[in-house]
Amino acid sequence: MEESPKPTSRRNRIFSLLIFFKDRFDLHEGKEDELETIDYIGKNVEFKGANLWILIFAILVASVGLNVNSTAVIIGAMLISPLMGPIMGVGLAAGINDFELLKKSLKNLGIAIAISIITSTIYFSFTPLNDAQSELLARTEPSIWDVLIALFGGLAGIVAGSRKEKSNAIPGVAIATALMPPLCTAGYGLATGNVYYFFGAFYLFFINSVFISLSTYLIVRFMKFPKKEFIDAKREKTVRTYISIFTLLTIIPSIYLAYNIVTRTIWQKSATQFVKTEFDLSGTQVIASDYFYNSDSSLIEVSLIGERIEEEKIAEIEKKLHNFKLDRTFLKVRQSGDKGMDINILRSNILKDLYERNEALIKDKDMRIALLERELNEYSFSNRQVTDIAKEAKVHYTNLDHFTINRSIIANLKDNRQDTLLLAVAKFNKAPSTQEKNLFLIWLKLRTKADTISLIIQ
């Protein structure tokens with residue numbers, strides 16, 4: 001009869017496992033001295049001289065990138081942007097009770113924001129390209145993903161900043177959280193008089209900044225950075241009170257904002273699915289759908305073309321909003337021929353729909369053409385290669401009369417898969433010896449740089 005494992009032995013295994021994971025995820029491993037980290041972040045807080053000029057040039061580069069819809073240019077601008085400094089400085093200052101650093105960080109962040117918006121506004125006021133491209137439109141409304149990116153990116157940034165060996169994580173965080181494009185978009189909104197773009201983009205920047213600062217604060221507290229010491233106990237108590245109030249004023253709104261963004265994102269997804277499912281009607285097509293979220297009452301506006309839908313049918317569809325958890329949501333349907341339906345908007349939507357469909361078809365055809373061209377080039381190259389190899393082989397093996405080599409598909413019935421194999425067929429006017437066959441096979445492998453070749457001698 002086997003004995004059951006002793007409780008002590010099981011506890012030891014669990015304890016060893018916990019020790020293993022503790023060592024693996026220990027943030028103190030390779031950590032820089034806390035004072036050095038504080039000094040490193042503090043130096044990057046101030047916008048003055050070269051730092052300020054770098055910011056201005058980076059903003060101009062990002063504005064051009066948004067203007068011409070170039071992702072690569074935007075990424076380059078984010079890479080050289082020094083905006084991360086004061087944002088991380090705010091979180092660090094709150095974590096170590098350094099009121100002077102907090103004031104300095106907030107002041108410089110304000111300067112950076114003002115300079116960035118002014119620079120981008122000036123640029124967009126004079127550029128001849130006034131259309132809002134997709135890269136710019138993507139920065140007008142925050143989503144739950146922006147919150148998560150800012151939070152996790154901020155955690156990565158402060159952890160990397162606290163290491164002895166500095167990595168490229170902080171520039172990477174600046175790219176991932178996209179701090180600069182929203183400020184450029186806010187400038188575009190001011191330059192074009194579009195208040196929606198300005199507030200939407202600035203709201204996105206605010207969300208990113210708050211969650212990067214929050215994640216910095218959490219890591220600083222978790223790693224127990226030394227708090228600033230005061231000679232005057234009364235002064236220390238006052239500073240701690242101010243810091244606590246500031247921290248609460250940052251955390252509470254951030255939770256509220258995150259909740260609202262999550263709620264809106266879920267609603268948007270449900271609303272999109274509702275339109276896609278319920279308006280999949282024969283003879284009628286959705287040419288435009290707009291979604292307006294509000295915590296009290298939201299609106300889905302759908303524009304249709306084709307056969308008219310009766311009011312009874314629309315009422316039936318509206319009742320199904322509840323099935324998609326779209327409570328307190330109203331449905332507005334516009335149909336061709338309705339009074340008040342702008343014919344220009346209708347024409348614009350139809351053209352947009354046709355353009356998007358044709359663009360998708362053209363892209364698909366371009367991909368197919370590129371694939372066929374590649375296969376044709378490979379085939380042509382293969383033909384040339386066979387002739388070249390055959391001529392070289394004839395020099396080494398004068399008895400060779402016919403030669404061919406091609407890639408063949410082998411059906412592996414045992415493993416139920418396909419393999420690609422180089423298959424060579426050679427015909428000699430005089431049967432070669434076994435040694436000659438082996439030497440010929442070795443030469444073929446070297447010439448074709450193939451690991452395996454199947455050689456058939458006729």
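1. Start with residues 74-94. The end C-alpha atoms of this span lie 31 Å apart, and the span is 86% helix and 0% strand. Helices (H or I, at least four residues) and strands (E, at least two) are DSSP runs, numbered from the N terminus. UniProt, in an unreviewed entry, lists residues 74-94 as one "transmembrane region". The entry also lists 50-68, 106-124, 144-162, 169-190, 196-220 and 241-259. UniProt positions are given in the numbering used here, feature names are shortened, and annotations may be inferred rather than shown by experiment.

2. Know what you are looking at. This is a predicted model, where local features need pLDDT of at least 70, side-chain atom pairs count only at pLDDT 80 or more, and totals for chains, interfaces and linings use all residues. Residues are numbered from 1 along each chain as its sequence is written, and side-chain values use heavy atoms, with hydrogens and water left out.

3. Check the confidence. pLDDT is the predictor's confidence in each residue, from 0 to 100. The protein chain averages 78, and 83% of the residues score at least 70. Confidence is highest in helix 6, at 89. It is lowest in helix 9 (residues 169-177), at a mean of 61.

4. Now the overall make-up. The protein chain has 15 helices and six strands. Of its 458 residues, 37% are buried. Buried means under 20% relative accessible area, exposed over 50%, and partly exposed in between (1.4 Å probe, protein chains only).

5. Helix 3 covers residues 50-68. Its 19 residues reach 27 Å from first C-alpha to last, close to the 27 Å expected at 1.5 Å a residue. The expected span is 1.5 Å times one less than the number of residues. Buried residues in helix 3 include Leu55, Ile59 and Leu66. Asparagine 69 follows helix 3, and its phi is positive, near 65°.

6. Helix 8 (residues 144-161) has 18 residues. It reaches 26 Å, close to the 26 Å expected. Among its buried residues are Gly153, Gly154, Gly157 and Gly161.

7. Where does serine 105 lie? It is in helix 6 (residues 99-126). Serine 105 is buried, with a relative accessible area of 0%. Not counting residues up to four places away in sequence, serine 105 touches Val45, Pro86, Gly89 and Val90. Contact means heavy atoms within 4.5 Å.

8. Look at the cores. A nonpolar core is a set of buried Ala, Val, Leu, Ile, Met, Phe, Trp, Tyr and Cys residues joined through side-chain atoms within 4.5 Å. The largest has 59 residues, and Leu83, Leu92, Phe205 and Phe211 have the most contacts inside it. Helix 11 (residues 195-222) gives the most to this core, with twelve residues. A second, separate core of 17 residues includes Phe274, Ile300, Ile317 and Phe324.

9. Finish with the rings. The structure holds 16 aromatic pairs. Rings of Phe, Tyr and Trp (its six-membered ring) pair if their centres lie within 6.5 Å; planes under 30 degrees apart count as stacked, over 60 as edge-to-face and the rest as tilted. Phenylalanine 198 and phenylalanine 202 form a stacked pair, 6.2 Å centre to centre with 15° between the planes. They are four residues apart in helix 11, so about one helical turn separates them. Phenylalanine 198 counts as buried at 18% relative accessibility, whereas phenylalanine 202 is partly exposed at 28%. Tyr123, Phe124, Tyr188, Tyr196 and Tyr197 form one aromatic cluster.
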